[in-house]
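Please look through the sequence and the model shown here, and keep both at hand while reading the paragraphs that follow.

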Amino acid sequence: MENIGVLMACPMSSYLEKELDKRFKLFRFWNVPQKNEFLIRHADSIRAVVGNAFAGADAEIINSLPKLEIVSSFSVGLDKIDLNKCKEKGIRVTNTPDVLTEDVADLAIGLMLAVLRRICECDRYVRKGLWKSGDFKLTSKFSGKSVGIIGLGRIGLAIAKRAEAFGCPISYYTRSEKPNTNYKHYPSVVELASNCQILVVACALTPETRHIVNREVMEALGSKGILINIGRGPHVDEKELVSALLECRLGGAGLDVFENEPEVPEQLFGLENVVLLPHVGSGTEETRKAMADLVLGNLEAHFLNKPLLTPVV
């Protein structure tokens, strides 16, 4: 397989990059200054694209690569891949589900605790020597608070199970009610937000779910409500979120993702009721290796004419 051209869209895992380099003819797209000329020059040799949550295979790249057979995403999300174009051209698509579920769910709970118990602010309080002049202010309890989840897929369910262990009543929004669950279903995100204290975004990013958390939803969540986003940045109307937080119409937020990563609204930097993370939901050594192994396994399965491990298309 050493002669099979694989285009890696951006830096994502040194282990994955090294293994791809060993097994295939690897092209590092981020090192290419003249991308259009590069795609024309290598149009007949690139048969696979490896992308992630930041860069993948849009219609332009797909149309530029007539020999493209498979797009393997180092992510569970597929919003950086033009799935319709892939279907049209018979290009296979894979992602990395399941292996990152636990880490992302763990982080969601961590964000809830960090926001409500002001863990980051407490840490700074100690480091600045402020404890010597008095105790830290009282914070808010997490156990028992009602948690509403937008999207009850693998990650949403894993978050629900963890929150249940803290005695939290669980409700959710999906387009249709899920069978085999006792969680309360609401037919709209506004109704869900009106009936929970913590709202968690855990759905896939599609045109329909872009800005699914808008001003109306934030108003429904209210001045004591907490928003947690471990989905994708564009799920939340970021300008409205900044306004709601600055005007104290929202109680706080824990954010692992943003609309224009790595850009983050600077107005959030001074808010102690907001915890900001650099999109690290799956960012553990164990999980990133498992994700890389899935990418490699899918590519090898495809080029050996074996069943794909995690097919999407």
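The charged end of Lys35 lies over the ring of Phe29, 5.1 Å from the ring's centre, where sitting over a ring requires NZ of Lys or CZ of Arg to be within 6 Å of the ring centre and within 35 degrees of the ring normal. The model is a predicted one, in which local features need pLDDT of at least 70 and side-chain atom pairs count only at pLDDT 80 or more, while totals for chains, interfaces and linings use all residues. Residues are numbered from 1 along each chain as its sequence is written, and side-chain values use heavy atoms, with hydrogens and water left out.

Phe29 also belongs to an aromatic cluster, which it forms with Phe27 and Phe38. Across the whole structure a search finds five aromatic pairs; rings of Phe, Tyr and Trp (its six-membered ring) pair if their centres lie within 6.5 Å, and planes under 30 degrees apart count as stacked, over 60 as edge-to-face and the rest as tilted. The ring centres of Phe24 and Phe303 are 6.1 Å apart and their planes stand at 55°, so this pair is tilted. It links distant parts of the chain, since Phe24 is in the loop between helix H1 (14-23) and strand E2 (25-28) and Phe303 is in helix H11 (residues 285-303), 279 residues apart; helices (H or I, at least four residues) and strands (E, at least two) are DSSP runs, numbered from the N terminus. Both Phe24 and Phe303 are buried, where buried means under 20% relative accessible area, exposed over 50%, and partly exposed in between (1.4 Å probe, protein chains only).

The rings of Phe142 and Phe166 also form a tilted pair, because their centres are 4.8 Å apart and their planes are at 50°. Phe142 is buried, with a relative accessible area of 3%, whereas Phe166 is partly exposed, with 31%.

Turning to helix H5 (residues 101-116), its 16 residues should span 22 Å at 1.5 Å a residue, and its end C-alpha atoms are 23 Å apart, which agrees; the expected span is 1.5 Å times one less than the number of residues. H5 is mostly covered, with twelve of its 16 residues buried, among them Thr101, Asp103 and Leu116. Just after H5, Arg118 takes a positive phi of about 55°.
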